[in-house]
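Biologist: I would like to learn how to read a protein model. Can we go through it feature by feature?
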Amino acid sequence: IFGSQILSDSTPTEGGSNYWRVLFYFNLYRMLLAVFLVTASLASFSVGSLGSRHPEQFFYTSLTYACLSLLFAFFINKGWPKYITQCRIQILVDIVVIIILYHASTGQGAGLEILLFVTVSAAGILLGGRASLIAASLATILLILEHLYVISIDERSLGGFTTLGFIGVGLFVTAFIIYYLSLRLRKTEIEIAQQNQRLEKLAHINQLTVEHLHSGVIVVDQLSMVILINKSSKELLGIPESLQLPVPLANLLSDINIDLITLRKITDEKETKIDLPSGKRLLARYQPLGNTYKNEYIILFDDYSQIEEEKRNEKFIAMGRLSASIAHEIRNPLGAISHAGQL
């Protein structure tokens, strides 16, 4: 646990939309907290021991914190500076402000140290597990320095280090938990990103394969909307290249006599011949996509004249082979007769 693997959780180099969204919600929490602190400092009655030692310092710090939270919201909306820079500045500001508020109150009796646990957790979520450890270390050091400073000016009796020790241990336990969770989260994100890349690659390969098929391909969904059409289909059916999908199949094949109601009920492969207005004849094969995709099917188009030509070529090839075989069978006895005659 305490080897080099403790630093294996890396900070995201670029914040995606999800990271910016989390940062936005964390700043929203910061704004609500700042409003509460300003309200508590202006209230005529005391809210616990908040600001009991230095009320003015508590008020001005809370007001500054509220203004900073609004400034952070502006920068988050603009996306500048970059994600990592904003997160580091905001986490540092949170820790420093909480320590100042902690000092302006009665120290450990104010309960403001609980806010440090939230900040440490946020650092791990926003910047990775290592950031939560750094935040816990910084918060613990500042708490100890604040305690020593108050003791040095005789505003607090000597002692209280045990409580600070428990707070520090709690911060580090929280940091380790967040570190472990963020490490698992990063690993899951990487696996999902790799899987998405593989899926995109396969989809691209499938698209290229479909585009280069000689047969026309049209895929229809449950709502009889064409969701895929390749180049061969556009050429065979005379469909413009600028066609935007999805488009209703009835509109796409308005000039072709196809029974769409029957197509929705097909359960196995069927084929039929279609005569286009241009005089061209096509062979259409309808095939459902399977039980998983009910009422969805694929239509394959082939030029029937080419199919007939291929059949004629096959007949010619077969006749040529038969003629060669007959010639061979006749040539052998004729050769023997000729040889016998010469003898």
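Biologist: Which hand does the crossing of α1 and α3 have?

Modeller: Keep in mind that this is a predicted model. Here α1 passes α3 in a left-handed crossing.

Biologist: Which residues of α1 and α3 make the contact?

Modeller: From α1 come Y19, W20, L23, F26, N27, R30 and L37. From α3 come Y83, Q86, C87, Q90, I91, D94 and L101.

Biologist: How many residues of each class does that contact have?

Modeller: The contact of α1 with α3 has 9 nonpolar, 3 polar and 2 charged residues.

Biologist: What describes two packed helices?

Modeller: Two things: the angle between their axes and the distance between the axes. For α1 and α3, the angle is about 20°. Their axes lie 12 Å apart. Angles under 35 degrees count as roughly parallel. Therefore α1 and α3 are roughly parallel to each other.

Biologist: At what angle do α4 and α5 cross?

Modeller: Helix α4 covers residues 114-127. Its axis and that of α5 cross at roughly 155°. The two axes come within 6 Å. Angles over 145 degrees count as roughly antiparallel. So α4 and α5 are roughly antiparallel to each other. Their crossing is right-handed.

Biologist: Which residues make the contact between α4 and α5?

Modeller: On α4 they are L116, V120, A123, G124 and L127. On α5 they are G129, A131, S132, A135, A136, A139 and L143. By class, the contact of α4 with α5 has 9 nonpolar residues, 3 polar ones and no charged ones.

Biologist: How far apart are H147 and L164 in space?

Modeller: Count along the chain, then look across space. H147 and L164 are 17 residues apart in sequence. In space they are 8.7 Å apart, C-alpha to C-alpha.

Biologist: Now another residue. Is L42 buried or exposed?

Modeller: Exposed means over 50% relative accessible area. L42 has 58% relative accessibility, so L42 counts as exposed. L42 is found in helix α1. The C-alpha atoms of L42 and F59 are separated by 7.5 Å. Along the chain, L42 and F59 are 17 residues apart.

Biologist: What length is expected of α2 at 1.5 Å a residue?

Modeller: The expected length is 34 Å. Helix α2 covers residues 55-78 and has 24 residues. From its first C-alpha to its last, α2 reaches 35 Å, close to the expected value.

Biologist: Which residues of α2 are buried?

Modeller: They are F58, T61, S62, Y65, A66, S69, F72 and I76. These buried residues pack against α1 (17-42) and α3 (83-104).

Biologist: What happens just after α2?

Modeller: Look at the backbone angles. G79 takes a positive phi of about 70°. Next, look at P81, in the loop between α2 and α3. The peptide bond from W80 to P81 is cis, with omega near -5°.

Biologist: Which peptide bond joins L245 and P246?

Modeller: A cis one, with omega about -5°. P246 is found in the loop between α7 (231-237) and β3 (247-248).

Biologist: Back to α3. How many of its residues are buried?

Modeller: Of the 22 residues of α3, 16 are buried, so α3 is largely enclosed by the rest of the structure. At 1.5 Å a residue, α3 should span 32 Å. Its end C-alpha atoms are 31 Å apart, which agrees.

Biologist: Last, the whole chain. How many helices and strands are there?

Modeller: The chain has 10 helices and 6 strands. Buried residues make up 37% of its 343 residues. Now take contacts between residues at least 6 apart in sequence. Among those, 59% join residues at least 24 apart.

Conventions: Residues are numbered from 1 along each chain as its sequence is written. This is a predicted model: local features need pLDDT of at least 70, side-chain atom pairs count only at pLDDT 80 or more; totals for chains, interfaces and linings use all residues. Side-chain values use heavy atoms; hydrogens and water are left out. Helices (H or I, at least four residues) and strands (E, at least two) are DSSP runs, numbered from the N terminus. The expected span of a helix is 1.5 Å times one less than its number of residues. Buried means under 20% relative accessible area, exposed over 50%, partly exposed in between (1.4 Å probe, protein chains only). Contact means heavy atoms within 4.5 Å. Axes are lines fitted to C-alpha atoms, for helices over the stretch in contact, and angles run from 0 to 180 degrees between N-to-C directions. Angles under 35 degrees count as roughly parallel, over 145 as roughly antiparallel, 65 to 115 as roughly perpendicular and the rest as oblique. A crossing is left-handed if the near helix is turned anticlockwise from the far one by less than a right angle, and right-handed if clockwise. Ala, Val, Leu, Ile, Met, Phe, Trp, Tyr, Cys and Pro count as nonpolar, Asp, Glu, Lys and Arg as charged, and the others, Gly among them, as polar.
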